[in-house]
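Dear colleague,

Please find below the structure I am handing over to you, with its sequence. My notes on what was found in it follow directly after.

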Amino acid sequence: MLLVGLTGGMAAGKSTIARRLAEHGAVVVDADRLAREVVEPGTPGLAAVVARFGPEVLTAEGALDRGHLASLVFDDDAARADLESIIHPAVAQAFEDRVAELTRSRPDAIVVHDVPLLVENGLAPLYHLVVVADAPESVRLDRAVRERGMDPEAARARIAAQANDDERRAVADVLIDTDCPPEETLAAVDALWHDRLVPYERNVREGRRAPRPVAALVEDDVADPWAQQAQRVLARLRRAGGHLVQNADHIGSTAVPGLQAKDVVDVQIGVASLEDAAALAPALTAAGFPLAQAQARDVPKPSAAEAASAEQWRKTLHGSADPDRPVNLHVRVTGSPGWCWALAFRDWLRADPAARQRYQDMKAEALERVADQLDGHPTAAYADAKEPYFAAVDEELAAWRRRADWLVRRDG
């Protein structure tokens, strides 16, 4: 099963996307509808609302008088917070119940959770993927007035109260432009369904890593930077791993601004023990990061080889099930030599332009050297080709750590 969060600003075209995904076979769960269902007559939610706001919020028939309730909380932050404390947990539970039922009846479902306030309520890490309907504020304002008959000032106030475009784009794995002819928006949804959602769901269900791309060094994507992509990945991993995740970091070349890299985001989770690493595997797999190697091992570095046993270089390695976002997830014991080396090497390259350039030059040469290996996918050969460089610069890195009085920056 794949969980997709769908959101967008008012009149951004979210409903158009939801309808098209439903036509393809997605199960669309409307958060607004759930919010109405949890306060229907006879529900614990309605009883809690009446207990807090009084029986005057009920109609003569015993249903919730939404207009009157809205007037009570409109200018009262405390009252609105009380209402949200009743509604939001009830809606979250209703969604969890729906997902649990679908897990039993349709384990291959692609579930699209249509949530207007996904960003505002910090829900993005709940999903394998977040899709955002995107249109300029001026376009959304015009639609709200022209198509919904809203008063312009009321529409502006509603838009201002929502997350802004930058906040929505920060959590968006997929932006779908709706400021275009409708057929173009629908074509983008069709491509998303066939090229990403369907294979992603299958990979998650089968616990399989998506194929990785042909190795090539590219520049950072300015529209959706690697750092921003990594933060979305890390948020999902922290949620999936819970208390077993002691720290989570963006590492590797994509974590170094200005450095060309393969379009593969490397991240690291720190755990208390290798037993915890093994215990994490099912949760990480369900979150879209299936286990690739249960008994992986970093190559020992000279500066730590004598003081560290081979066992201390062990790790587990996971990949991404998402065909459009390759990820290498290294699960290492916090404070182990491999865990420290990954963070120190990243910070050294960030701090030293000359070291950064030398590393980039070496990577380009290594890629050229192995480009004809492994049927055009020289990932393993490329990794092996870099190991002599890592060994050669290990003492230089150790010296930099001493000079810089380097302290580990965790969870970043």
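Helices in these notes are DSSP runs of H or I with at least four residues, strands are runs of E with at least two, and both are numbered from the N terminus. Please note that the model is predicted.

I begin with two backbone positions. Most residues other than glycine have a negative phi. Asp405, which is not a glycine, has a positive phi of about 50°. This residue is located in the segment after helix 15. With a relative accessible area of 59%, Asp405 is exposed. Ala11 is also a residue other than glycine with a positive phi, here near 65°. Ala11 belongs to the loop between strand 1 (2-8) and helix 1. Its relative accessible area is 7%, and Ala11 is therefore buried, the cut-off for that class being under 20%.

Two packed helices are described by the angle between their axes and the distance between the axes. For helix 1 (residues 14-24) and helix 9 (residues 182-206), the axes come within 10 Å and cross at roughly 45°. The two helices are therefore oblique to each other, and their crossing is right-handed. On the side of helix 1, the contact is made by Thr16, Ile17, Arg20, Leu21 and His24. Helix 9 contributes Thr185, Leu186, Val189, Asp190, Trp193, His194 and Leu197. Sorted by class, this contact of helix 1 with helix 9 holds six nonpolar, four polar and two charged residues.

A further packing concerns helix 13 and helix 15, whose axes are 10 Å apart at an angle of about 75°. This pair of helices is therefore roughly perpendicular. From helix 13 the contact involves Cys340, Trp341, Ala344, Phe345, Asp347, Trp348 and Ala351. From helix 15 it involves Tyr389, Phe390, Val393, Asp394, Glu396, Leu397, Trp400 and Arg401. Eleven residues of the contact of helix 13 with helix 15 are nonpolar, none are polar and four are charged.

The aromatic residues deserve a separate paragraph. How many aromatic pairs does a search of the whole structure find? The search returns eight. In one of these pairs, the ring centres of Trp341 and Phe345 are 5.0 Å apart and the planes lie at 15°, so the pair is stacked. Both residues are part of helix 13 (residues 337-351), four residues apart, about one turn of the helix. Trp341 counts as buried at 10% relative accessibility, and Phe345 is buried at 8%.

Trp341 has a further partner in Phe390, and this aromatic pair is edge-to-face, with 5.6 Å centre to centre and 80° between the planes. Trp341 lies in helix 13 and Phe390 in helix 15 (residues 379-403), so the pair ties together parts that are 49 residues apart in sequence. Like Trp341, Phe390 is buried.

Yours sincerely

Methods: Residues numbered from 1 in each chain as written. Predicted model: local features only at pLDDT ≥ 70, side-chain atom pairs only at ≥ 80, totals over all residues. Heavy atoms only, no water. Axes fitted to C-alpha atoms, helices over the stretch in contact; angles between N-to-C directions. Parallel < 35°, antiparallel > 145°, perpendicular 65-115°, else oblique. Left-handed = near helix turned anticlockwise from the far one by under 90°. Contact = heavy atoms within 4.5 Å. Nonpolar A, V, L, I, M, F, W, Y, C, P; charged D, E, K, R; others polar. Phe/Tyr/Trp six-rings, centres within 6.5 Å; stacked < 30°, edge-to-face > 60°. Buried < 20%, exposed > 50% of the residue type's maximum accessible area, 1.4 Å probe, protein only.
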